[in-house]
Amino acid sequence: MVQASAPGKCILFGEHAVVYGQPAVAVAIDQRMNVKLELSEDWRIDGMIFHPERHPHVDALRQRMWNSGPPLSIKITGEIPPASGLGSSAALSVAASAALRCARGRQITNDDWAEGWTAASPNNVYNGPWEFGKGDSVLFGMAAVDEDECAILSHAVEAHAQGGKASPLDSSTCSHGGCVVLSDKIENNLNWLYSRKLNDVRWEVHSIELDIPNDIWLVIGNTGLHAPTSEQVAKVAKVLEEQPERMTEIETIGIISRRGITALLEGDMEGVGRAMSENHLLLRNLGVSSPELENLVTAAAPSSLGVKLTGAGGGGCMIALTRDPKTTSEAIELAGGRTLISRLASTGMSVDEEGISGLWNPFEN
Ligand code: MEV
């Protein structure tokens, strides 16, 4: 048995604008998705027959990482509500790619990767049938798993599910954990991780070591309405196509993100909150809020440093940065939302159970 998990994420600044290359910031949250794999007689997911069309993310990973492997029983559990802007699909993809890699192992030649996905060659994989030559060996378990690779695979799968338009924000945050910043250029004051490119948009992916005071919390308010990211991304694309001059609003979101990043680096939580609330107003103008989100944002505002919708919007979740999570959470619940409470910048992907050896050793086929 192999089990891996990955955190969900909240976007503090810059959703939607990041699709067009503007800076954005996300933090990993305490709520996680877990994926457990076991060998099975036939393909199963949560005990039922696996229907690829119902689980496109898992299916896309299965094709990339397990294309001639034996059938698996896959169990998915977690505390992240689906289609709610908290990165449930990215967290699922990261956890599933970690579990599949752990189970399948990785061929290495003289200590270098002989197969796998890297930032330099995101489409490159050696998918077998494997040949075992001189100097080759295979790593199994945690030793075979790599955070960057999980982020790349998760991004590829997200992009596919979102009709080709997806930033690597969710996938990188759910893989590395902590606080991730995307920008159109390498930011000297941040820790640069790697570059990503998709359809002519290029992002520089960074992390920030956050020093968040102990009394600061995120309260997440869920409207309970499902709004697929792809639809919201398409809605913004349509607005910009019909009114290209509104690209200035996207750029203004980028300016607010920068202000938020400075406040985060300075530990100025009031400044972070102000930037969040300003960001919300711009998102509302773009048309990705909803009456239900506005209701929760209004309820949370009096007890918070900042409030905004998070993720794609249209439904899904809002977040409040607060020193009084109990009062904020009660206010959101009274207004009809369901709440989760999280710290900012939780830990990233982990392999929680690696089994005794690979579930599938391609060299034995
Ligand atoms: C979704 O969590 C965030 C969006 O900006 C889409 C993306 O970044 O791919 C709306």
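Q: From which domains does the shell around the ligand draw at least three residues each?
A: This is a predicted model, so let's start with its domain assignment, which comes from an automatic or database source. The shell around the ligand takes at least three residues from each of two parts of the chain: domain 1 (2-209) and domain 2 (217-342).

Q: How many residues surround the ligand, and what classes are they?
A: The closest residues include Lys9, His16 and Asp170, and the whole shell has 13 residues. By class, these are six nonpolar, four polar and three charged residues.

Q: Which side chain has an N or O atom 2.6 Å from an oxygen atom of the ligand?
A: A pair of N or O atoms counts as a polar contact within 3.5 Å. Lysine 9 has a side-chain N or O atom 3.1 Å from a ligand oxygen, and a polar side-chain atom of aspartate 170 is 3.0 Å from one. The distance of 2.6 Å belongs to serine 167.

Q: How much of the ligand's accessible area does the protein cover?
A: On its own, the ligand has 300 Å² of accessible area. Its place in the protein is the largest pocket.

Q: What is the volume of the largest cavity?
A: Rolling a probe the size of a water molecule over the atoms shows where empty space is left. The structure has one cavity of 30 Å³ or more. Among the residues lining the largest cavity are Trp43, Arg62, Trp66 and Leu100, and its volume is about 50 Å³.

Terms used:
Residues numbered from 1 in each chain as written. Predicted model: local features only at pLDDT ≥ 70, side-chain atom pairs only at ≥ 80, totals over all residues. Heavy atoms only, no water. Near = heavy atom within 4 Å. Polar contact = N/O pair within 3.5 Å; in protein donor to acceptor, adjacent residues only side chain to side chain. Areas by Shrake-Rupley, 256 points an atom, 1.4 Å probe, with all protein chains shown as cover. 1 Å grid on protein atoms, 1.4 Å probe; cavity = no way out; pocket = protein on both sides within 12 Å on 5 of 7 lines; lining within 4 Å. Sits in = over half its atoms within 2 Å of the grid points. Nonpolar A, V, L, I, M, F, W, Y, C, P; charged D, E, K, R; others polar. Points joined across faces, edges and corners; volume = space filled by probe spheres on them.
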